[in-house]
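Subject: The structure you asked about

Hi,

Here is the structure I promised to pass on.

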Amino acid sequence: MHKFLTSLIMGIFLFLGGNAMANNALTAKQQAIAAAASYAARGNQQGLKQALTEGLDAGVTVNEFKEILVQVYAYCGFPRSLNALTTLMQLENERGNKDEQGALPGPKPEGSSLEYGTANQTKLVGAPVSGSLYDFAPAIDEYLKAHLFGDIFARNNIDWQTRELATIAMLASLDNVDSQLNGHIQIGKHNGLTDEQVAEILSIADRTGAENVLFGKGTENTAYAQYFIGKSYLQPLTGEGVGISNVTFEPKCRNNWHIHHKGGQILLVVSGRGWYQEWGKPAQELHPGDVVNIPAEVKHWHGAAKDSWFTHIAVAVPAEGASNEWLEAVTDEEYNKLK
Ligand code: MN
């Protein structure tokens, strides 16, 4: 994740205090819209299908999701939007087309789309928008005003706050668009989103980026939850000869100190930022592409960094009579020393 995003999220959480993290700032509908926008921006159809399912079950209408996924094209291009709408259409067919359709947009406003788009943009941002870039390339200024803030934002079957919520989720899912993301966070706040809600949108976008799109996140790892602090998710991949699983950790989640007896373990880091530590040694920071060889009989733990989702594939090195021994938790005191 970008340092910018990280510091922004941490700054907001520090400002709000620790309790804010335990509460959901967004409603279930808003969470699903943010997740759907983020997955659509990333082109992750599997994750998108899950978010759409959760949203439809929570009461988001089909037409509300269509608006969000059409708006995707303004920020991520037609291919991402077309693929996302295809996923929604297929999901609706699977669900028997029984979900609530919801309202369609009302008639277009009076005047040209450039006129009402300019007015919409001014209202959204709180002041008229101009700048040297728009003098340099007037066509992009016209398209932003007439098309994005005119044609799209005039469609009034979802409100502007929802459109901005989706936009923040999309931009937070793209690389190197910090300027636009920062701009839309300001616009979102101008349209009623709270700092806490913005922090949760950014956290959702971070989460969607940490998911292993090849193998899937799997289900919550309840079987081993007693040996973990925080939530983890387990996707068993194979048990034939070699046990291999995809493990996803939420931010701050880590497993207890433990030992793999007889056979060791190999970790292949897939996404996010995390840690590996052997007893009596400094913790090692982990990034995608890192490979960790954990010898048998070595006491250790592994897990996510405090501000990032983290995914690794865990390979159990086969050995006669291999077993795992679970030991004490990694205390907050030890863990909080890590960056
Ligand atoms: Mn281990």
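The structure holds zero disulfides, a disulfide being a pair of cysteine sulfur atoms within 2.5 Å. As for individual cysteines, Cys-253 is buried with a relative accessible area of 0%, and Cys-76 is buried as well, at 19%. Buried here means under 20% relative accessible area, exposed means over 50%, and partly exposed is in between (1.4 Å probe, protein chains only).

Before you read on, please note that this is a predicted model, in which local features need pLDDT of at least 70 and side-chain atom pairs count only at pLDDT 80 or more, while totals for chains, interfaces and linings use all residues. Residues are numbered from 1 along each chain as its sequence is written, and side-chain values use heavy atoms, with hydrogens and water left out.

The metal site

Which residues hold the manganese ion? Its protein donors are His-258 (NE2), His-260 (NE2), Gln-265 (OE1), His-300 (NE2) and His-302 (NE2), at 2.1 to 2.3 Å from the ion. Donors are N, O and S atoms within 2.8 Å of the metal (3.2 Å for Na, K and Ca); water is not among the atoms, so sites may look incomplete. Along the sequence, the spacing of the donor residues reads H-x1-H-x4-Q-x34-H-x1-H. His-260 in strand E6 (residues 258–261) and His-300 in strand E11 (residues 300–304) are 40 residues apart, so this pair links distant parts of the chain. Strands (E, at least two residues) and helices (H or I, at least four) are DSSP runs, numbered from the N terminus. His-260 counts as buried at 5% relative accessibility, and His-300 counts as buried at 0%.

Aromatic rings

A search of the whole structure finds twelve aromatic pairs. Rings of Phe, Tyr and Trp (its six-membered ring) pair if their centres lie within 6.5 Å; planes under 30 degrees apart count as stacked, over 60 as edge-to-face and the rest as tilted. Phe-149 and Phe-153 make a tilted pair, 5.2 Å centre to centre with 50 degrees between the planes. Phe-149 is buried at 6% relative accessibility, and Phe-153 is buried at 1%. Another tilted pair is Phe-228 with Trp-326, at 6.3 Å and 40 degrees. Phe-228 lies in strand E2 (residues 228–229) and Trp-326 in strand E13 (residues 323–326), so the pair ties together parts that are 98 residues apart in sequence. Ring pairs also join Tyr-224, Tyr-227, Phe-228, Phe-249, Phe-310 and Trp-326 into a cluster.

Arg-163 lies over the face of Phe-153, 5.7 Å from the ring centre, and the charged end of Lys-145 sits over the ring of Tyr-134, 5.8 Å from its centre. For this, NZ of Lys or CZ of Arg must be within 6 Å of the ring centre and within 35 degrees of the ring normal.

Thr-167

Thr-167 is found in helix H9 (residues 160–171) and counts as buried at 0% relative accessibility. The side chain of Thr-167 reaches the backbone oxygen of Arg-163 at 2.8 Å. Leaving aside neighbours within four places in sequence, Thr-167 is in contact (heavy atoms within 4.5 Å) with Gln-71, Tyr-75 and His-184.

Conventions
Polar contact = N/O pair within 3.5 Å; in protein donor to acceptor, adjacent residues only side chain to side chain.
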